[in-house]
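The sequence and structure come first, followed by the points by topic.

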Amino acid sequence: MPDIETILNYCVHLDSQPAFKYVYDPPDGTPKSNIEMRPYPAVIHDARGTPLEENACLDENGFKFVRHVASEKTFDDEQRVVNGYYKEIEELIKKTVPGAKRVFIWDHTVRRLQEQPNHMDKGTPRGPAKSVHIDQTYEASVARVRRHLPEEADRLLASRFRIINVWRPIENPVAHHPLGVVNWRSVDAERDFMHTRRFYPTFEGSAFNVRHSDQHEWWYLGSQTPEECTFIKIFDSVDDGGKTARATAHSAFDDTTSPPEAPQRQSIEFEPGFVNLNIGSEGALPIPVQLACNALERQAEESPDKWKKVIREPLTEATRQRLAPLLGASPDELVFVTTTSHSIDMVLSNFEWCSEDTIVYLTTTWKGSRGDVAYIRDKYQVNTSMYEVEFPTTSSEIIKGYQAHLRSVRSNQFRGRVGHTRQPKLVALIDAICSKPGIKFPWEEMVRICREEGAYSIVDAAHCLGQQVDLNLSKSQPDFWITSCHKWFYTKRGCSLLYVPRRNQHIMKSAFPHNSYPSGTGSTLQQRLEDASTRDFTSFLSCNAAFDFRVWLGGETAVNAYCHDLALAGGRRMAEIFQTDLMDESGELTLNMVNVRLPLSPYLPETHDIISYVDRKLLVEDKVYGLVFKHNGAWWARCCAQVWNEVRPWLLTSLLYYPKERTNSKRKVVLATDMTIELQPTIPPPSGDKIILYDIPGYAASDVAWSPNTWKVRFVLNLKGLDYRTVWVEYPDIAQLYEQLSVPSRENRDGKPLYGLPVIYDPAAGRCIGDSLIIAQYLEDAYPSTISPPLFPIGSRGLQAMFIDIFIQTISDPLHSITSEFAMRQLPTRSSQYYRSRREARYGCRLEDIAPVGSERRKVVWDGVRAGFKSFHKWSLVASSCQTFITGNKPCFADFVVASYLTWFKRLLGEQSPEWQELMEAEDKRWFNLMKAISPWEKVDEEGLQLFRSTFKMRD
């Protein structure tokens, strides 16, 4: 085929500051970006029939064309791609790329730009990327190794590794939008590659944009078939001054020579992917809608006055006419507004208020709207009342409770009003579908109750359009109803609809800010509210393209049926993995958002720092996002199902390559049930001259240590001032540790080996020892101290052993009933699953059902624990008048045993839990004083903390 003359979009740096781009609204006074994409003419050479078709080299040119017949043809089954195609690509890489002995695939993306049948399981297409770019910077490439292979990263980064994209057409030869690549030999990387920082709401990323150069030599493979792959080097750790290609700029481009009837490009490209499970917050703009918006914007800018005075109004009215049937409303009752929150503020501000009026809202009312209510309350001295609703619950309970609450408020308004002629106003702010949690209210029934009680109803229906299909506002008769169009209906952001029935339009005198007040008697609702200020109407007009796109997908019923079924199926799958449950198990209150309980302690506070950490981990490390929040004492994840999601959707991929000789460990790669690739850890052999303490990691405390058994030994090591370091071992690997280190084990009652921690390794003696009491006795004998008090005063070893046995039987076993659920939740994934299975086999029930918070069973268990602590307090007073330690004014090992269980209890349930606070006040603050006295030794070695962060942060 001939060379193609086309247009490529290159990046232009607008100032001397480092290149950046905000993908959200930047802080005040900060520009959104200091770069922009500009079109440049380019010639793309066809490699077909040239030496490069067969001989292009990744190290020489940065790309390579490879013939490969794949068994996968359609790439429309995620599981089939992962289980079959991945293996084929691994073998192809090993065969094609010199030195590639190990292949790690982390992501794949299917791009389609062609009209297809309405198959919901294929999701929304991703179109070709039409800007010259390199997916990630050198620094970002290194970070990716640490993200996906954290335990091996230091060793792997010490040698060569490469990231390669593998691109191929699907089903048809490429036409219209081929993939072009730049020959590395024509690139000046120092000048051409623009390191661009990309700022997201909770994290920062980076990629290479590319500056234009006439020297760039562009190539593509003409009429590339599905049996031909393009290998694109994204990164190479070899830096030899440019001799070896390090990264390849690439872009899709328009092939104007392709016949119009040729199939559109379909491609699968191995590159980083993101899974959006949070459309309910920011929405998502499909490519066809985005293109329609671009066309409208161009039309508006060509003649702004003509656009405003001649073109815009008819387009807006036609759009309103088209949307009205979806809502069951008349077009003259609908007004385009920017956001739901602003509209609620506008409605409230148009009422005439006095101090006898009342606004009723819900506990789930959005924070912005609660602020609006508070503003009206403070300005006009009106009354406010909150109806408390907590989930899980049912529609019937909500309706019953809401009716009683509204009647009570109404009754209070009329109490003592003898001689008053003005009827106090009652305004109710109702959620149709609340945001946190993502639950549908029986809002139609709540509106009916408002009518019966003489209350105005303002319905926050931000999540309705595009999610609830049976809307009929003329039938349900709300007084005011506002929905967002961008959240679920796929419009451009900044588009909402306000419904005001004709009977209430006299209330809406003006918008805020306004330029239409005072209005003439003949003005329409739309004239008063829509023309309030200069604004970009393309977001409103994008409803047409969004409507068309949803029709193309199959229509409202098909889209929402798919999303609803997926929400329930995906939520149940998540709950199965987490071993938790759904907020709405029956599905009665679920549309396309599902709320899954997270295995986190209810005592963990919902602070800004915690939410920011979770957001960053999901967005940066896991590349998937759903809303995490706390409700009714539990932590939840709200996940929004959409047409681009599947129950097992989020494996989208690139490739990492490592020479085989650098992977000589016995680690095994496992494809986990939640479709993430996890490497099971091996335990490193003992090394160094420090004592090694093997401990169980958890997330209950910032310093990781939580287990009472290992704290017994940790206290001893800290008391004696011995130099030690921690190695973290997960529950399923403890047996391997015993086998690997030849640690003597005890036996269970059934005669099977009993494996548990702590274990220590003492390099001075070359010994491995298990069992906390045996370890303490060993350390006392091997490392006697003249500074620290003796752990076992003369003649006390037998008495302390007896005390410890009685204490464990009296206190430890009941405490396990209370803490087991919390212990399971704070463990890393593998340990959590192991812990649950073993504990539930022992108890014969789910951990959540052993002693639930607030249950009578929990009260009985806790009463037994308290009685035990009282008894031990009395016994210790017989031995010594000192109320801190058992044997006097210095601690012995038995004190550390008690302190270990207190530490365990505190770290799992939290210092704000009622049980902990009660215990700290009990027995004349005996246990409070003990914890205070041992606090100098309640610490974890810094080396152990660093090991935990590098081992577990990216993976769990």
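Helices here are DSSP runs of H or I with at least four residues, numbered from the N terminus. By that numbering, I806 lies in helix α21. The model is a predicted one.

**Helix α11**
- Helix α11 spans residues 395-414, which is 20 residues.
- From first to last C-alpha, α11 reaches 29 Å, close to the 28 Å expected at 1.5 Å a residue.
- The buried residues of α11 are S395, I398, I399, Y402, Q403, H405, L406, V409, R410 and Q413.
- The cover over these buried residues includes the strands β18 (358-362), β19 (383-387) and β20 (426-431), together with helix α12 (443-452).

**Loop residue E848**
- E848 sits in the loop between α22 (829-843) and α23 (856-879).
- Because its relative accessibility is 7%, E848 counts as buried.
- The side chains of E848 and R836 are joined by a polar contact of 2.6 Å.
- Apart from neighbours within four places in sequence, E848 is in contact with Q579, R597, E821, M824, R825, R836 and E840.

Notes:
Residues numbered from 1 in each chain as written. Predicted model: local features only at pLDDT ≥ 70, side-chain atom pairs only at ≥ 80, totals over all residues. Heavy atoms only, no water. Helix = DSSP H or I, 4+ residues; strand = E, 2+ residues; numbered from the N terminus. Expected span 1.5 Å × (residues − 1). Buried < 20%, exposed > 50% of the residue type's maximum accessible area, 1.4 Å probe, protein only. Contact = heavy atoms within 4.5 Å. Polar contact = N/O pair within 3.5 Å; in protein donor to acceptor, adjacent residues only side chain to side chain.
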